[in-house]
Amino acid sequence: MSPDLIKTLVLLLFAALVIAAAVKDLESFTIPNWISIALGLAFAPAALLTGASLGVIGISLAVGLAVLVLAVGMFALGWIGGGDAKLMAAASLWLGLKGLAPFVIYTALAGGALALILLALRSAWLRPIAHAGPVWARRLATPGEAAPYGVAIAIGALAAFGLHPGA
C-alpha cells in the first residue's frame, strides 16, 4: 500500500471518529466511551503505519496523558463533561506536541462560536422554531441545558490535525 494511501486512511479514521463523537454529543449530550477508546487504541498502529518514530509516539503518549490529567481536573470542576475530557485526551494523542497549541486554540474558538449559537438558539425568537424540530434540537434550545462541547473539540481536532497530521 502506498504511503499516501495509508496517510489518507489514517486521516479518514481520525476524522470519522471525532465527527462521530460530535454527532453523538449533539444528539444525546454524551460521547460514547467506545469512540475515545477506539481513538486511543488506533493511535500507535496508525502512527507506526505513517512512519512516526518511537520517540514521537512516546512524546504523543505523554501529551495525551497530560491532557487527560488536565481535562479530568476540568471535569472535576464541572467545566466539561467526562466524555469531553476523554475525547480531548484521545485526540491529543494523534496531534502530539506540535498540534497541541493549535488544538487548544481552535477548540476554544469553536467553543466560543458554539456558545454564541446556543445563546441565539435559546433566545425567545428562535426557541419556538427549534422546539418544532426533533428532540435533540429542542434540548439544544432549552435554556440552562448543557452545551455539547464535543462539537467544539471535534472542530478543533480536525483543524489542528489538518496542520499537523501524525505530529
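Colleague: How many aromatic pairs does the structure hold?
Modeller: There are four aromatic pairs in this predicted model, and one of them is F14 with F161, a stacked pair with 4.3 Å from centre to centre and 25° between the planes.

Colleague: Which helices do F14 and F161 lie in?
Modeller: F14 belongs to helix α1 and F161 to helix α7, so this pair ties together parts that are 147 residues apart in sequence.

Colleague: And is F14 buried or exposed?
Modeller: F14 is buried, at a relative accessible area of 0%, and F161 also counts as buried, with 3% relative accessibility.

Colleague: What about F43 and W94, how are their planes set?
Modeller: Their planes are at 65° and the ring centres 6.2 Å apart, so F43 and W94 make an edge-to-face pair; F43 sits in helix α2 and W94 in helix α4, 51 residues apart. F14, F43, W94 and F161 form one aromatic cluster.

Colleague: Switching to the core, which residues touch the most other members?
Modeller: The largest nonpolar core has 36 residues, and those touching the most other members are F14, V18, L39, L87, M88, W94 and F103. Helix α4 gives the largest share of this core, ten residues.

Colleague: Last one: which ring does the charged end of R139 sit over?
Modeller: That is the ring of F29, with the charged end of R139 placed 4.2 Å from the ring centre.

Notes: Residues numbered from 1 in each chain as written. Predicted model: local features only at pLDDT ≥ 70, side-chain atom pairs only at ≥ 80, totals over all residues. Heavy atoms only, no water. Core = buried A, V, L, I, M, F, W, Y, C linked by side-chain atoms within 4.5 Å. Buried < 20%, exposed > 50% of the residue type's maximum accessible area, 1.4 Å probe, protein only. Helix = DSSP H or I, 4+ residues; strand = E, 2+ residues; numbered from the N terminus. Phe/Tyr/Trp six-rings, centres within 6.5 Å; stacked < 30°, edge-to-face > 60°. Lys NZ or Arg CZ within 6 Å of the ring centre and 35° of its normal.
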